[in-house]
Amino acid sequence: MIRRPPRSTLSSSSAASDVYKRQGMDTVRRVEHVSCVRSEAIGERPAVEVQIVDCGELAVGEEDGVPEPDPNDQWSEYPEDASRLLRWHGFSLEQASDSIRARGNQLFKQGHTEQALGKYEKALRYLEEEEDHEKLGVRATTAGSLVSRIGCWSNRAQCLYRLGQYGQTVEQCTQVLLVDARNVKMLFRRACAHREIGHFVDAAADLEQALHVCDGSDVATHEQLRRLQTSLRKQRKEAEKEED
């Protein structure tokens, strides 16, 4: 439910007005970016229902249900609306994405996992827009954008695991491993997620691969993998006894 703030509030300060403009702009973009499905009977329609209800002006002090922009993140939620700021700073989309991701790292360390996840997904939107950089009139990203994407995917997997979304964690780790098969952290994270789901065979396979890649060169990581492997074997035996 989105409604316009009262005029008295809008006119009280330019800063407040800018916040409301950005909130409204971000809300419209969220609706635009809802994924669609197509059927012969209906044609293209949103994959999830989108409703605009109860239109009108908000009373003074009434909540509108839309989160306020993060004061520590200057970038719009969607890169389509950031072209002016990108040109002003002379930033590439990749540089803007790195800035957003850094803010996500701060939030994650502070324990704000859901907010951090939102930042990583936002950072990915900026990287995914790189093919349209000429349309935006900003500098192109560099070849390092793949490294940035892997970083965002890895951070996203960490958030999903912390939030208990183990199936999505597996999917996100797999996306990283498709382009970086020797990523020990993602093998470890996927093994942990598999274990939580009860996919012990898959978890064991990931751990074996991680140990093979690590090869004892990183003593701390190797020991961590060994401990998890031992714990996994014990948990698997207990699960097999319960089935019997």
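Colleague: What does R156 touch, leaving out residues up to four places away in sequence?

Modeller: R156 touches L117, Y120, E121, L124, Q168 and Q172. Bear in mind that this is a predicted model.

Colleague: Which element is R156 in?

Modeller: R156 is part of helix α7, and that helix covers residues 145–162.

Colleague: Is R156 buried or exposed?

Modeller: Buried. The relative accessibility of R156 is 17%, and the cut-off for buried is under 20%, so R156 makes it.

Colleague: And how far is the C-alpha of R156 from that of K119?

Modeller: The two C-alpha atoms are separated by 9.2 Å. Along the chain, R156 and K119 are 37 residues apart.

Colleague: OK, zooming out. What's the secondary structure of the protein?

Modeller: Eleven helices and two strands. Starting at the N terminus, the order is α-α-β-β-α-α-α-α-α-α-α-α-α.

Colleague: How much of the protein counts as buried?

Modeller: 40% of its 244 residues. The accessible surface is about 14,800 Å², and carbon and sulfur atoms hold 48% of that.

Colleague: What share of the contacts with a separation of 6 or more comes from residues 24 or more positions apart?

Modeller: That share is 61%.

Colleague: Back to helices. How do α7 and α9 cross?

Modeller: Their axes cross at roughly 25° and come within 11 Å. Angles under 35 degrees count as roughly parallel, so α7 and α9 are roughly parallel to each other. The crossing is left-handed.

Colleague: Which residues make that contact?

Modeller: From α7 you have S154, A157, Q158 and Y161, and from α9 there are M186, R189, C192, A193 and E196. By class, that's five nonpolar, two polar and two charged.

Colleague: What about α8 against α9, at what angle do they pack?

Modeller: About 155°, with the axes 9 Å apart. Over 145 degrees counts as roughly antiparallel, so that's how α8 and α9 run relative to each other. α8 passes α9 in a left-handed crossing.

Colleague: Who meets whom there, α8 to α9?

Modeller: On the α8 side it's Y166, G167, T169, V170, C173, T174, V176 and L177. They meet M186, L187, R189, R190, A193, H194, E196 and I197 of α9. The classes come out as nine nonpolar, four polar and three charged.

Colleague: And on to α10. How far apart are the axes of α9 and α10?

Modeller: They're 8 Å apart, and the angle is about 160°. α9 spans residues 184–197 and α10 spans 200–214.

Colleague: Why call α9 and α10 roughly antiparallel?

Modeller: Because the angle of about 160° is over the 145 degrees that the label needs. α9 passes α10 in a left-handed crossing.

Colleague: Which residues are in that one?

Modeller: α9 brings V184, L187, R190, A191, H194 and R195. α10 answers with F200, D202, A203, D206, L207, Q209, A210, V213 and C214. Sorted by class, there are nine nonpolar, two polar and four charged.

Colleague: Nice. Which residues of α9 turn up in the contact with α8 and again with α10?

Modeller: L187, R190 and H194 are among them.

Key. Residues numbered from 1 in each chain as written. Predicted model: local features only at pLDDT ≥ 70, side-chain atom pairs only at ≥ 80, totals over all residues. Heavy atoms only, no water. Axes fitted to C-alpha atoms, helices over the stretch in contact; angles between N-to-C directions. Helix = DSSP H or I, 4+ residues; strand = E, 2+ residues; numbered from the N terminus. Parallel < 35°, antiparallel > 145°, perpendicular 65-115°, else oblique. Left-handed = near helix turned anticlockwise from the far one by under 90°. Contact = heavy atoms within 4.5 Å. Nonpolar A, V, L, I, M, F, W, Y, C, P; charged D, E, K, R; others polar. Buried < 20%, exposed > 50% of the residue type's maximum accessible area, 1.4 Å probe, protein only. Areas by Shrake-Rupley, 256 points an atom, 1.4 Å probe, with all protein chains shown as cover.
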